[in-house]
Amino acid sequence: MHHGESVNEHCMPPGGQSPAEIAHAAKCELAEKTLRLFGSLRLRVTGFSMLPSVWPGDVVLVHRRGMQQIHPGDIVLFTRHGKLIAHRVVFKTSDQELPSLVTRGDALRSQDSAIGPTQLLGKVSGVLRAGKWIEPPTRLSFSAQIMAMLVSRSGRTAGILSRLRAIWRRRCEYEGLCQSC
């Protein structure tokens with residue numbers, strides 16, 4: 001180890017990625033190939049960007065779809081920088097030669113940069129929550145919009161809501177009321 005080099009820099013493989021980052025990228029690549037080969041895939045959600053439509057811990061069912069089958073309001077799965085992202089379509093260009101989608105997480109303030117056909121993997125057609133499949137909404141209710149706005153303004157809000165929801169779900173499971181969770 002040279003003077004000024006940190007332990008993390010020393011442990012990183014060539015290319016600057018940590019073993020965890022390499023493993024995550026490999027999982028994303030495997031998921032992408034599976035979806036492209038077999039046409040559908042189930043993934044467990046880890047992020048907060050789609051609250052309240054999709055919560056961390058939910059499982060999303062994604063079906064392979066082309067640009068012509070996607071509409072504003074749909075939640076799509078796409079790749080960006082070796083990561084899988086599921087966000088809602090807010091705008092679709094009508095350009096037949098260079099079609100693109102503009103997306104945004106429900107709980108995010110700004111839109112993503114446009115994605116093209118090669119980045120699009122598919123459409124989220126179902127969400128498994130508390131043992132029950134639900135169809136993802138194409139529009140947020142007023143209360144869901146308020147919740148998304150609160151989460152977008154404070155990461156702390158997302159953590160609090162997530163903890164409250166986990167407590168509520170445990171209580172539902174304990175009392176056998178999971179149909180409504």
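Which element gives the largest share of the lining of the largest pocket? That's β4, with five residues.

A quick word on the model: it is predicted, so local features need pLDDT of at least 70, side-chain atom pairs count only at pLDDT 80 or more, and totals for chains, interfaces and linings use all residues. Numbering runs from 1 along each chain as its sequence is written, and side-chain values use heavy atoms, with hydrogens and water left out.

A pocket here is an open set of points on a 1 Å grid over the protein atoms alone, where a 1.4 Å probe fits and protein lies on both sides within 12 Å along at least five of seven lines; lining residues have an atom within 4 Å of a point. Volume is the space filled by probe spheres set on the points, which are joined across faces, edges and corners.

| Pocket | Volume | Lining |
|---|---|---|
| Largest | about 540 Å³ | 22 residues |

In the largest pocket, Arg44, Val45, Thr46, Gly47 and Leu84 sit nearest the centre. Two or more lining residues come from each of α2 (19-38), β1 (40-44), β3 (75-80) and β4 (83-92); these are DSSP runs, with helices (H or I) of at least four residues and strands (E) of at least two. The lining splits into 14 nonpolar, five polar and three charged residues.

The largest share, five residues, is from α3.

Note on methods. Nonpolar A, V, L, I, M, F, W, Y, C, P; charged D, E, K, R; others polar.
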